[in-house]
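Hello,

Here is the structure I promised to pass on. Please open it first, then read my notes below.

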Number of protein chains: 2
Amino acid sequence: MAVDVAQLVGRAREGKPRAVARLITLVEGASPQLREVMAALAPLCGNAYVVGLTGSPGVGKSTSTSALVTAYRKAGKRVAVLAVDPSSPFSGGALLGDRVRMSEHASDPGVYIRSMATRGHLGGLAWAAPQAIRVLDAAGFDVVLVETVGVGQSEVEIAAQADTAAVLLAPGMGDGIQAAKAGILEIGDVYVVNKADREGADATARELNHMLGLGEARQPGDWRPPIVRTVAARGEGVDELVEALEKHRAWMDEHGVLAERRARRAAGEIEAIAVTALRERIGDLRGDRRLGALAERILAGTLDPYAAADELVAGLTGD
Amino acid sequence: MAVDVAQLVGRAREGKPRAVARLITLVEGASPQLREVMAALAPLCGNAYVVGLTGSPGVGKSTSTSALVTAYRKAGKRVAVLAVDPSSPFSGGALLGDRVRMSEHASDPGVYIRSMATRGHLGGLAWAAPQAIRVLDAAGFDVVLVETVGVGQSEVEIAAQADTAAVLLAPGMGDGIQAAKAGILEIGDVYVVNKADREGADATARELNHMLGLGEARQPGDWRPPIVRTVAARGEGVDELVEALEKHRAWMDEHGVLAERRARRAAGEIEAIAVTALRERIGDLRGDRRLGALAERILAGTLDPYAAADELVAGLTGD
């Protein structure tokens, strides 16, 4: 059954969680209305501030995300959380049952929380997450927190899609070195040493400061990534974290970096969709019944294989 | 410098080896005249009988090929040999220096011999070999012998491109089992036990007969692959091999199988060219300067990523 997209978008903007969920499902899947939805969202986008939260398992990402939600809600902002799991093929709200720390926001109409799996997606993260962000943006959320589950390349990808990337660490266990290996130390706009009440927090911050070369001279106007200490479970340092994020946002606005990053995100999104479309056409070649007719014309000597390939490709792409 | 294609094709049809070589080079490479050459060849193709010779190293493929050249020359046919090496990136005549047994044909104007490497080719065998066959066909060779260097999948591919696939074995060393493993036992139209004067030739023929199920009942009109014994180095059994090949050709003609195989070869060729073209376009996406402009329109809210991807793909494919 066809959905009334305009009505659905209107409800999402009123903060109806079911309407938001429905829209994300529509952009996630291969819905026949996908293009209609995307077109309806386009003029409504560009207002949400997208923050990526990355870091190794155990650093307290979801606790920190929850604490940020609380802080932004206090400031009167509507907040959406997108928990992206690149290792899972299962999407949706059901997975959130175990996200205990998020449950305090469950009944808050100003908060929307969604798990998103990207394993099943053609094009993976590059394709799926930005489209969900687009829905949340169009639905009028002021802040979208994108939290990654898992480590490695996916975190770097998510960070590349955020306006601001927050990299979380925790004391002990050579966490800094692990983060450096995963390549996430290069992508942070803001660094967080969570669980800062634990032994080794000073050492972690020092190590981080050293690895980032934060002591080195920079060009005036350059962004100097701050290191914020938090104890997210008790809400300590969270206001300072919000302040650091907002400072980064203001700096990006001032220096044209925000528009640049968003243009890069949009370009990546276009590219992922286009590559997927071309790949599908390659798959379609094999089953194309025009192939037989073209082969017959080659046998008759009235066509050469290059001209035939041109016709085949034109037939697949000229829609 | 642009080549006069019509003149070159004319010379190739007169049997001038340099003209043939030049044409193959033009279809092998990314020459700007590639399409012009292919178009010029199209109406001249369809007369050559293409025989694929496959088998494990040591069975005497090039000796057998050379003996077949001699036999077909005696019958007044113009013969071309295409030695395809999928493991090498080097093409051309220079590699033939070590093909000692072929040297007897070097001064014969009715014989053309060419090595062809396919490792460097986009699309590999599926792309490169059929285009060279097309040149040799258009140049008026009556028989094109396609001999593979190396084993495995490439042999199956080459056989699929031939009108008739001859699978060579030699006595000893569990050759039959090796061939079965490589999957080439299923593709033979004619089987050859070469070095038939050696011990074990009877056992090899028996084993082959058993593995092929040649004793089993078949539908009337079905092709029953013969097993021919040869001692190619002394020319023994080669007339019988030619007879077996010609019988297969006549059977194919009678049953419409020849046209069917050639249509399949043409379809594979079209497909390989089309896939290569689409892959190149995927690569082009990344460097496309329209991407930035499209991203800006998304930021402005006047375009959605799907519509942008459509524009990008249309720009790349609508030429």
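Through which surface do the copies meet? 100% of the interface residues of chain B are also interface residues in chain A, so the copies meet through the same surface.

Some ground rules. This is a predicted model: local features need pLDDT of at least 70, side-chain atom pairs count only at pLDDT 80 or more, and totals for chains, interfaces and linings use all residues. Residues are numbered from 1 along each chain as its sequence is written, while chains are lettered from A and ligands numbered from 1 in the order in which they are written.

At the interface, 44 residues of chain B are in contact with 44 residues of chain A. Contact means that two C-beta atoms, placed from the backbone, lie within 7 Å. On the chain B side, the elements that give two or more residues are helix 3 (34-41), helix 10 (257-287), helix 11 (290-299) and helix 12 (305-317). Helix 10 of chain B gives the most, with 17 residues. By class, this side has 31 nonpolar, five polar and eight charged residues. Here Ala, Val, Leu, Ile, Met, Phe, Trp, Tyr, Cys and Pro count as nonpolar, Asp, Glu, Lys and Arg as charged, and the others, Gly among them, as polar.

**The fold of chain A**

Chain A has twelve helices and seven strands. These are DSSP runs, numbered from the N terminus: helices are H or I with at least four residues, strands are E with at least two. Of its 319 residues, 46% count as buried. Buried means 20 or more other C-beta atoms within 10 Å of the residue's own, exposed 12 or fewer, and partly exposed in between. Of the contacts in chain A with a separation of 6 or more, 74% are between residues 24 or more positions apart.

An open sheet of seven strands runs in the order 3-2-4-1-5-6-7, with parallel pairing. Strands pair if DSSP finds at least two bridges between them. Strand 3 (111-117) and strand 7 (227-229) of chain A stand at the edges with a single partner each, so one side of each lacks a neighbour in the sheet. Neighbouring strands are turned by 20° against each other on average, direction ignored. Four bridges join strand 5 (164-169) to strand 6 (190-193) of chain A. One residue pair to look at: Leu168(A) has Val192(A) in strand 6 as its bridge partner.

The largest nonpolar core holds 182 residues, and Leu82(A), Val146(A), Leu82(B) and Val146(B) touch the most other members. Such a core is a set of buried Ala, Val, Leu, Ile, Met, Phe, Trp, Tyr and Cys residues joined through C-beta atoms within 7 Å. Beyond four places in sequence, the contacts of Leu82(B) include Arg114(B), Met116(B) and Val146(B).

Finally, check Lys195(A). Its phi is positive, about 55°, although Lys195(A) is not a glycine. Lys195(A) sits in the loop between strand 6 and helix 8 (201-212) of chain A. Lys195(A) counts as buried, with 25 C-beta neighbours inside 10 Å. In chain B, phi of Lys195(B) is also positive, near 55°.

Best wishes

Conventions
Axes fitted to C-alpha atoms, helices over the stretch in contact; angles between N-to-C directions.
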